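Here are some questions and answers to work through with the structure open beside you. Take them one at a time.

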Amino acid sequence: MNVTSTVVGYPYIGAKREWKRTLEKFWKNEITEEQFEAELKNLRINRLKHQKDLGLQFITVGDFTKYDRMLDLATMFNLIPKRYEALENPTANETYYAMARGAKDAVACEMTKWYNTNYHYIVPEYEGQSLTLNGNYILDQFLEAKNELGIIGKPTIIGPYTFVDLAKGYDEKTRAAFFLQLIPLYSQIIKELVTAGADWIQVEEPSLTKSLAEEEILIVEELYKQINEAVPEAKILVQTYFEALTSFERLSRLPVAGIGLDFVHGGKENIKALQNYGFPQNKTLSLGIINGRDIWSANLAEAISTINAVKQLSNAEEIWISSSCNLQHVPVSKKMEENLPQELYDHLAFADEKIREIAEITYYIEKGAWLKEGVVADSLKAIEALAIHPIRKNKVVDDALKLLTAKDFARSVPFSERQQIQKEALQLPDYPTTTIGSFPQSQLVKKTRAAWRKNEISDEQYAQFVKEETARWIQIQEDIGLDVLVHGEFERTDMVEYFGEHLTGFAFTDFAWVVSYGSRCVKPPIIYGDVEWTHEMTVKEVAEAQQLTNKYVKGMLTGPITILNWSFVRNDIPRQEVAYQIGLALRKEVAALEAAGIKIIQVDEPALREGLPLRKENWNEYLTWAVDAFKLATSSVATDTQIHTHMCYCEFNDFIDPIRALDADVISLETSRSHGELIHSLKANPYELGIGLGVYDIHSPRVPTIEEISHILNESLAVIPKEQFWVNPDCGLKTRQEPETVASLKNMVQAAHKLRQQPATI
Ligand SMILES: CN1c2c(nc(N)[nH]c2=O)NC[C@@H]1CNc1ccc(C(=O)N[C@@H](CCC(=O)N[C@@H](CCC(=O)N[C@@H](CCC(=O)O)C(=O)O)C(=O)O)C(=O)O)cc1
Ligand SMILES: N[C@@H](CCS)C(=O)O
Ligand SMILES: [Zn+2]
């Protein structure tokens, strides 16, 4: 039997975020386009060489991007929305980055979560355009690897079903035309790759793990039938991930040469399907056995026994040992980390360490022996050493969780009564204006924090700086005329990292970044022990801000599910238990804010939706404990304390019921890139609690006009009654510059004032 080591894809960010820096230098015109392209080429080549040096046999190409892989495909297919025609003689890069980031009057394309990850992709927009092939960047990357390094790579491309599934702008009637246009383009790309010497082509189809209706399965079958007819000579491996392959019996029999399955996230179901239906003869099986979504080293003995079981069930003649998904969701290498507890460090595996595991497993499957002596014993020892670490078991937390009863998860008074009480207590104007929490993290803010981290300035100097920046922004907010103010979050690098740094059970890396969207990166904390609240985390900053103004300052916390979903989480206890531990810790912070006189407290849950299982039938189980964790954090407050929450970066259309279940007095939602669709959903499913639909996109430096904002507000008024209506931007403003922030907020406040003059429509 033939065994090969491979990965679905490898991070492009660079061990020291070189990729991010290159992009940002180019955008700031610090390097020419030529230098930019040369730097990217260098990064691509080094990245391939590095994977080869790690011992990977079959290296993926085409998984490198200039911003986002869905955007790469959209521009390659000439799927460029009309509004970008207004750009004057744009270069290819100018159009590409205008779609990603907006330019002049052309707003950026929508961005949304990539399945249940913290990565966000650019949503392709189908407007019935004629599609053509604008080059073939996958071929370019294939040839680059071949010519520069002699590597015959495995080109990868996001497949046609997934591409259309994740795109928007079509309906039942136009979908067929969209597919029909794409089939020849995919076939052409594949043909060119085969002609250039590609042995295999990996076609990524994660959408084949969603629940699919019969009609959709028929489409998938037809797509691959037509592609196979167009390029029968191509060896295509359809790669699925994040869940088990749906309708295994039929989809594993698509007319392609191989199927890639995720044995980590869809393991049990994929194995059951193999038992029931077997694996089609003469097909290659790519076995996703190393977890591409977590940072823990594998139990190699367990991996081998799963592979052996799969081998027996599938009878495949050729297997690839692979990652469960693209490794872009984990950091590059743990090698540079020098400040982690040894027990934690030993049990970590980032992308490079995962490739080493894949190489080891492949060697064992092929040769029946390990490459490195003692590797299995080491892997078990690492797991065991962390399991018995005292940080894993905190009796105080354990006892507190056991004492919880149903009333700890519910406000004492229903919203209908709270609404009136809060209205009288808070005396806010109609259509109150507010922001989501963060204000620009200017160069000065970042530099001062960096100096403090390097001990160049003292704790007191740093705290004084944060205090002054907060005071400056309280004044700015007063001048703008906002109704409910925020302290600005200047003390925070990241909304999750900050809380992790103050709670027990967390560890922090120095270099373990992953891309969140475009060039924006996050460095998720690691939850490796029980989580406990030991001291106030936000009270000082918020209370100081409150003293500077007669307006309300919102307390600002990150919710339990967002802390959970944006961290790398221990895998020895259920996620639900970790969520409750965090919920309990935040409950104490909420109480501390209340005790300090804060009357409005926002608990952000932007990541609530991203934790949803891909299959709808599994939603309920997750949502039950996720919503409960939020309620555990927020429900202890007095009736006249107003709880806000905020969500962004996702589709809310089918998510109104879970949002309602949070029982938050007010929610602010990001909507400006998909406003119409949400209005439609709210019409069908009216929402009764306080709600602010984001009135402008904060991802773009563009200042929205008063008229644009008024238009959005008026649309929202058709579905949200005045008593519930809040006015806010889409999300926090930490990534923006000060002038555009002030100008945009002034227009927002003006638009709200105009609304107050207008007779209510409902
Ligand atoms: C709201 N979102 C978040 C998500 N996930 C999170 N974990 N956090 C989020 O806020 N997911 C969904 C959305 C969208 N995502 C993002 C993600 C990332 C950013 C962003 O702006 N990222 C910054 C990095 C932010 C940060 O932590 N900055 C540090 C500085 C780190 C740094 O670069 N240091 C320098 C050294 C500085 C010096 O010595 O002078 C270095 O290492 O070179 C900080 O502020 O202190 C990014 O730039 O990528 C936004 C939305
Ligand atoms: N309060 C946070 C929420 C981001 S989702 C912020 O304003 O940055
Ligand atoms: Zn947000």
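Q: In which loop does W566 lie?
A: This is a predicted model, so it is the predicted fold that places this residue. The helix on one side is α21 (560-565). W566 lies in the loop between α21 and β18.

Q: Is W566 buried or exposed?
A: A residue needs 20 or more other C-beta atoms within 10 Å of its own to be called buried. W566 has 23 C-beta neighbours inside 10 Å. That count therefore makes W566 buried.

Q: Which residues is W566 in contact with, leaving aside its neighbours within four places in sequence?
A: Contact here takes C-beta atoms within 7 Å. With the neighbours within four places in sequence left aside, the contacts of W566 are N118, V496, V522, P524 and A607.

Q: Why do the residues that UniProt lists for "binding site" not all gather at one spot?
A: The unreviewed UniProt entry lists R17, E18, W19, K20, K113, N118, R520, C521, W566 and E610 under that feature. They span 594 residues in sequence. They do not all gather at one spot, because their farthest two C-alpha atoms are apart by 27.5 Å.

Q: Where does W19 lie, and which residues does W19 touch, not counting residues up to four places away in sequence?
A: W19 lies in helix α1, which covers residues 18-27. W19 counts as buried, with 23 C-beta neighbours inside 10 Å. Not counting residues up to four places away in sequence, W19 touches Y12, I13, G14 and L43.

Q: What is the strand order of the open sheet of three strands, and which strands stand at its edges?
A: This open sheet has mixed pairing and the order β12-β15-β18. Each edge strand has a single partner strand, so one side of each is left without a neighbour in the sheet. The strands at the edges are β12 (506-507) and β18 (568-569).

Q: Which residue of β18 is the bridge partner of I527?
A: Strand β15 covers residues 526-527. β15 and β18 pair in the parallel sense over two bridges. In β18, the partner of I527 is V569.

Q: Which are the edge strands of the open sheet of six strands?
A: The order of this sheet is β17-β19-β20-β21-β22-β23, with parallel pairing. Each edge strand pairs on one side only. The edge strands are β17 (555-558) and β23 (725-726).

Q: Which residue of β20 is the bridge partner of I601?
A: Strands β19 (residues 600-604) and β20 (residues 642-647) run parallel and are joined by three bridges. In β20, the partner of I601 is I643.

Key. Residues numbered from 1 in each chain as written. Chains lettered and ligands numbered in written order. Predicted model: local features only at pLDDT ≥ 70, side-chain atom pairs only at ≥ 80, totals over all residues. Pairing = 2+ DSSP bridges. UniProt positions renumbered as here; feature names shortened; annotations may be inferred. Buried ≥ 20, exposed ≤ 12 C-beta atoms within 10 Å, placed from the backbone. Contact = placed C-beta atoms within 7 Å.
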